Amino acid sequence: MSRLTFYLIVGLLMVLGIGTSLHRHIQMEVPWTPGEQRQVWEVEAVVDFTALGDSARAELALPSHQRGYRILTENTASPGYGLSFLQDETGRRAQWSIRSATGSQQLYYSVRLLVTDDKRKRQIARPPLRDVSWERPYDTAAAQVIERAWMRSADPYTFTRELIRDFSEDRQGENARLLLTQFERTPLLVRLLNQAGVHAREVSGLMLEDGRRRQALTPWIMVFEDEENWALFDPRTAEQGQPENLLLWETGGRAVLEVQGGTNSRVTFSMLSRSQPAAAAVRSQLADDTLLNFSIHSLPLEEQALFQTILLIPIGALVVVFLRILVGIKTSGTFMPVLIALAFIQTTLPTGLIGFLLVVSVGLVIRNYLSYLNLLLVARVSAVIITVIAIISIFTVLSYRVGLNAGLTITFFPMIILAWTIERMSILWEEEGPKEVLIQGGGSLVTAVLAYLAMNNPWIRHITFNFLGVQLIIMSLILLLGNYTGYRLLELRRFKPVTED
Amino acid sequence: MWARPSQLLRRGIIGMNRRNIRYIGRYNSRRLYPLVDDKLKTKLLAEKHGITTPALIGTVTTQFGIKGLREMIAGHSGFVIKPAKGSGGKGILVIERVDQDGFIKPSGVRLGLEDLHRHVSNILSGLYSLGGVPDVAMIEGLINFDEQLSEYTYEGVPDIRVIIFRGYPVMAMMRLSTAASDGKANLHQGAVGVGLDIATGTAVRGVQFDRSRRDHPDTGHELASLRIPDWTSLLELAAGCYEMTGLGYLGTDMVIDRDCGPMLLELNARPGLAIQMANGEGLRRRLDLVETQPEGVSVKDRVAFSQEHFARRGELRAAPAEPELAQSCAST
């Protein structure tokens with residue numbers, strides 16, 4: 001295989017890895033660091049109505065993903081009611097139904113919203129212009145109000161602004177006052193806008209304020225400049241634009257709450273703001289995974305925890321590759337240090353180190369005796385395994401008696417690894433002497449500790465778990481390191497005498 | 001304490017990574033490894049190619065066969081037990097003398113038959129083999145090494161490592177065992193390495209534990225006067241291993257027997273880099289030169305080329321006229 005192909009593959013892996021990671025960061029808003037805090041709103045809507053005794057049906061508009069807010073989870077509580085979520089072009093709705101109900105009814109809907117800095121505006125279909133007809137004398141009043149605002153405006157937005165101002169306190173004229181006696185402010189404004197040929201609709205929004213209870217939705221006017229662009233106007237102040245803390249609840253121009261078979265229906269909202277680690281916030285996002293957003297967060301929690309560890313192994317491998325190829329540290333067994341590091345993760349470092357050294361040294365002494373018994377190799381290794389189990393049991397029981405719970409975690413050490421380490425070390429001792437045992441055993445431990453520190457780093461854990469693309473980057477780095485023909489760091493020392501002539 | 005990479009580069013020192021990728025990876029096909037990793041295979045192959053190796057007393061292939069060990073070694077005053085697939089000198093047990101009470105290692109340590117049995121059993125279990133695969137124990141005759149060389153070594157046979165690159169001998173050193181190395185000739189265990197001039201087989205430089213050394217630590221004999229007898233035929237024997245194995249980058253371990261002259265002890269497909277220390281010179285320039293040479297040159301011409309171009313300090317010493325040794329030894 002030519003080198004060009006090799007570099008192409010490495011480059012491809014690198015680009016793919018960085019690409020998917022960036023995609024996840026930008027699209028899914030997965031943060032790069034685990035410590036980042038994100039604001040999460042918990043909003044609860046309570047639907048109250050008095051049922052008339054027969055079948056009842058309640059339909060509540062629900063919010064959807066929008067600028068500034070992303071829905072994490074939603075829940076409902078409604079004992080005895082059937083529930084279904086409906087979705088059409090005007091938005092999402094929850095529909096509760098029951099065959100018979102009497103008296104006061106309460107239905108709950110709660111949603112957790114992640115505050116995002118996503119600034120993209122959502123596409124909303126422009127409503128058609130409605131034919132508007134007025135009874136006398138409102139037709140003249142309406143025409144005059146429109147005429148007045150029209151003269152002082154240039155486009156749909158400025159027209160809307162002027163129109164609303166004509167209805168506000170200080171500039172309220174005769175005509176406006178007359179219209180307001182008969183019509184409600186917001187529907188009236190939408191009507192006037194429609195008459196003037198401006199596409200507009202009434203939408204309902206919720207002003208988010210921490211700790212507020214029994215809040216109601218406020219009406220807003222959505223004005224369309226053309227088919228795609230729209231702006232929100234406050235029907236009271238004529239202010240243009242969506243306030244930071246405004247959550248659009250219903251944008252389809254339909255009623256927020258419709259109840260059949262009940263009276264006195266109303267919906268109230270309470271809300272709570274919380275900060276929580278970004279990683280946790282991201283984890284609870286509603287799963288809308290495409291292949292590109294492929295994520296292990298859709299797995300059950302138990303499998304996720306397993307994967308979190310598995311995804312760390314390449315990091316350990318990278319450390320080993322780095323230390324062996326660039327530094328030149330000798331280890332016993334190529335990836336034994338990674339496995340030891342994995343055990344350290346379970347036991348924590350001090351306990352793990354002490355436990356490892358204790359078990360291996362005691363094991364070496366016992367293995368030394370076993371070598372006099374003239375046993376076959378397989379039998380001897382098996383005997384070492386059993387010895388290791390015995391040593392671990394004794395240490396665990398002893399440490400428990402002394403009151404050290406840390407000792408209990410030594411059991412996380414994989415038996416086979418300990419047994420093989422002991423076996424290899426003892427052979428090394430016989431063959432090459434204690435010095436080589438120290439070099440290789442020390443090298444293994446140093447490598448294992450470094451691998452542990454890398455793998456146990458919260459930042460690395462966060463990155464490897466949340467950005468699968470990182471695995472591809474590690475792969476390409478390892479491939480690149482495998483191509484390195486330069487000197488190892490320790491060789492600079494080893495070959496030093498040659499340069500001293 | 002630390003050298004700069006540029007210093008090493010200027011001297012043509014080759015590091016592990018470069019050796020692995022640029023030479024072993026490129027010139028040594030993996031499928032040829034078993035030929036050198038299995039010493040029994042090497043031995044049989046050498047026999048076929050007429051390359052002298054130490055005599056094979058016998059092999060033990062099954063745990064059951066260990067019982068026959070005593071009979072096998074009866075009548076031999078000294079022998080070597082080694083695993084066929086061992087590496088780095090692991091599992092090689094040298095018995096110098098046999099007397100009434102047992103078997104005596106070069107260090108004077110006395111072993112019983114039991115110890116030999118255990119050693120063979122370990123070999124068969126794969127304790128010393130690469131990857132722990134079951135192995136075969138070989139029992140070889142002891143080499144009666146040339147008296148001229150005995151002052152230079154301590155308890156054990158000195159061997160001569162020649163790096164053969166594409167059939168050309170590129171660098172050579174002698175490995176002298178010491179008390180520290182327990183009679184073994186591995187540099188990292190403390191044996192002394194003496195760089196040898198490819199042209200003449202005379203000593204260039206000595207190292208122990210990667211540090212320069214002028215005399216043998218145990219015998220106190222100075223190393224400068226070391227001169228390998230029968231040098232050219234040793235190089236030709238070593239260079240012939242290229243045709244024998246097909247491996248482009250090869251470490252050949254040769255010994256000189258008092259009666260039979262140069263012999264092939266074993267081959268190594270991943271020879272170490274300490275030879276550069278012993279020679280005080282990097283391999284790089286020599287390997288680069290050999291890479292420009294055409295294929296299909298005869299063994300004699302290759303050795304002549306190497307002797308001409310790799311002579312130390314650029315001066316070509318006249319090849320010494322030596323009486324040919326009587327070839328009384330069979331090729332096994």
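The largest nonpolar core holds 70 residues, and B:Ile160, B:Val162, B:Met174 and B:Tyr249 have the most contacts inside it. Strand β9 (residues 168-176) of chain B gives this core its largest share, seven residues. The model is predicted, so local features need pLDDT of at least 70 and side-chain atom pairs pLDDT 80 or more, while totals for chains, interfaces and linings use all residues. Residues are numbered from 1 along each chain as its sequence is written, chains are lettered from A in the order in which they are written, and side-chain values use heavy atoms, without hydrogens and water.

**Cores**
- A nonpolar core is a set of buried Ala, Val, Leu, Ile, Met, Phe, Trp, Tyr and Cys residues joined through side-chain atoms within 4.5 Å.
- Another core, of 50 residues, lies apart from the largest one and includes A:Ile340, A:Leu342, A:Leu349 and A:Val359.

**Second largest pocket**
- This pocket (an open set of points on a 1 Å grid over the protein atoms alone, where a 1.4 Å probe fits, with protein on both sides within 12 Å along at least five of seven lines; lining residues have an atom within 4 Å of a point) has about 480 Å³ of space.
- Its lining has 24 residues, with A:Glu202, A:Val203, A:Ser204, A:Gly253 and A:Arg254 nearest the centre.
- β7(A) gives the most to this lining, five residues.

Conventions:
Points joined across faces, edges and corners; volume = space filled by probe spheres on them. Helix = DSSP H or I, 4+ residues; strand = E, 2+ residues; numbered from the N terminus. Buried < 20%, exposed > 50% of the residue type's maximum accessible area, 1.4 Å probe, protein only.
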